[in-house]
Amino acid sequence: ALTADDCSCIKAIWPSISGHADHYGAEALYRMFLAHPQTKTYFPNFDFHKDSPQIKAHGKKVVDALTDASKHLDNIEGALNKLSDLHAFDLRVDPGNFSLLTHHILVTIAVHLPDKFDCLTHQALDKFLAAVGCALTRKYR
Ligand code: ZNH
């Protein structure tokens with residue numbers, strides 16, 4: 001579970017991330033598509049070039065959802081409840097893909113905000129993103 005220290009680290013860095021939602025979100029998706037091309041199959045109509053309009057728009061949606069979750073650190077599952085239904089029942093994204101995307105989100109943050117990405121913030125973000133992944137995959141059966 002997230003400790004009080006984790007929560008303050010996340011709250012401290014998140015405004016620097018949410019202000020670049022489309023840019024960071026698009027980069028994280030682009031890194032995932034490059035490193036794990038099989039994830040492209042979920043997006044049949046996407047243009048996969050860097051910063052394509054679809055990648056930017058989708059990247060922003062993903063980061064905005066994380067921003068929302070960052071405001072409900074005591075109830076991440078509740079904050080992501082509808083998205084959890086969407087991924088499990090509608091989109092049927094293989095649960096293994098969530099840790100792939102969250103890894104690339106973490107790398108993107110580290111690359112862009114090196115001064116803010118100290119060890120404790122790294123640990124807190126890692127736990128936060130894992131909790132998001134858990135929340136989004138808990139409806140699978
Ligand atoms: Zn997802 C969608 C988030 C992961 C796939 N997503 C989505 C959305 C959001 C999200 C917000 C939108 C919704 C609406 O519109 O309503 N995701 C998210 C997050 C995460 C995710 C936060 C983590 C972190 N996803 C994911 C993965 C995958 C996916 C991993 C695969 C690979 N999604 C998806 C799809 C979709 C989505 C396919 C749909 C898109 C369209 O249609 O456009």
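Q: Before we look around, what is a nonpolar core?

A: A nonpolar core is a set of buried residues such as Ala, Val, Leu and Ile, joined through C-beta atoms within 7 Å. In soluble globular proteins, nonpolar side chains tend to be buried together. Keep in mind that the model here is predicted.

Q: Which residues touch the most other members of the largest nonpolar core?

A: Leu-80 and Val-132 do, out of the 28 residues in the largest core. Two or more residues of this core come from each of helix H1 (4-18), helix H2 (21-35), H3, helix H4 (76-79), H6 and H7. H7 gives the largest share, seven residues.

Q: Let me zoom in on one of them. What does Val-132 touch, leaving out residues up to four places away in sequence?

A: Val-132 is in contact with Leu-66, Ala-69, Ile-76, Leu-80 and Thr-102.

Q: How do I tell whether Phe-128 is buried or exposed?

A: Count the neighbours: a residue is buried if 20 or more other C-beta atoms lie within 10 Å of its own. Phe-128 has 24 such atoms, so Phe-128 is buried. Phe-128 lies in helix H7, and touches Leu-2 and Ile-10, not counting residues up to four places away in sequence.

Q: What separates the C-alpha atoms of Phe-128 and Ser-70?

A: A distance of 8.2 Å, although Phe-128 and Ser-70 are 58 residues apart along the chain.

Q: Now a whole helix. Which residues of H6 are buried?

A: Leu-101, Thr-102, His-104, Ile-105, Thr-108 and Ile-109 are the buried ones. They cover an arc of only 160° around the axis, so they sit on the same side of H6. On the other side of H6, Gly-96 and Val-111 are exposed. The cover over the buried residues includes H1, H2 and H7.

Q: How far does H6 reach from its first C-alpha to its last?

A: The 17 residues of H6 reach 26 Å, close to the 24 Å expected at 1.5 Å a residue.

Q: Last stop, the ligand. Which residues come nearest to the ligand?

A: Of the 19 residues around the ligand, Thr-39, Tyr-42, Ala-65, Asn-97 and Leu-101 come nearest. The elements that give two or more residues to this shell are helix H3 (53-70), helix H5 (81-91), helix H6 (96-112) and helix H7 (119-137). H3 supplies the largest share, five residues.

Q: What classes of residue make up the shell around the ligand?

A: That shell has 13 nonpolar, five polar and one charged residues.

Technical notes: Residues numbered from 1 in each chain as written. Predicted model: local features only at pLDDT ≥ 70, side-chain atom pairs only at ≥ 80, totals over all residues. Near = placed C-beta within 6 Å. Helix = DSSP H or I, 4+ residues; strand = E, 2+ residues; numbered from the N terminus. Nonpolar A, V, L, I, M, F, W, Y, C, P; charged D, E, K, R; others polar. Buried ≥ 20, exposed ≤ 12 C-beta atoms within 10 Å, placed from the backbone. Contact = placed C-beta atoms within 7 Å. Expected span 1.5 Å × (residues − 1). Arc of directions from axis to C-beta.
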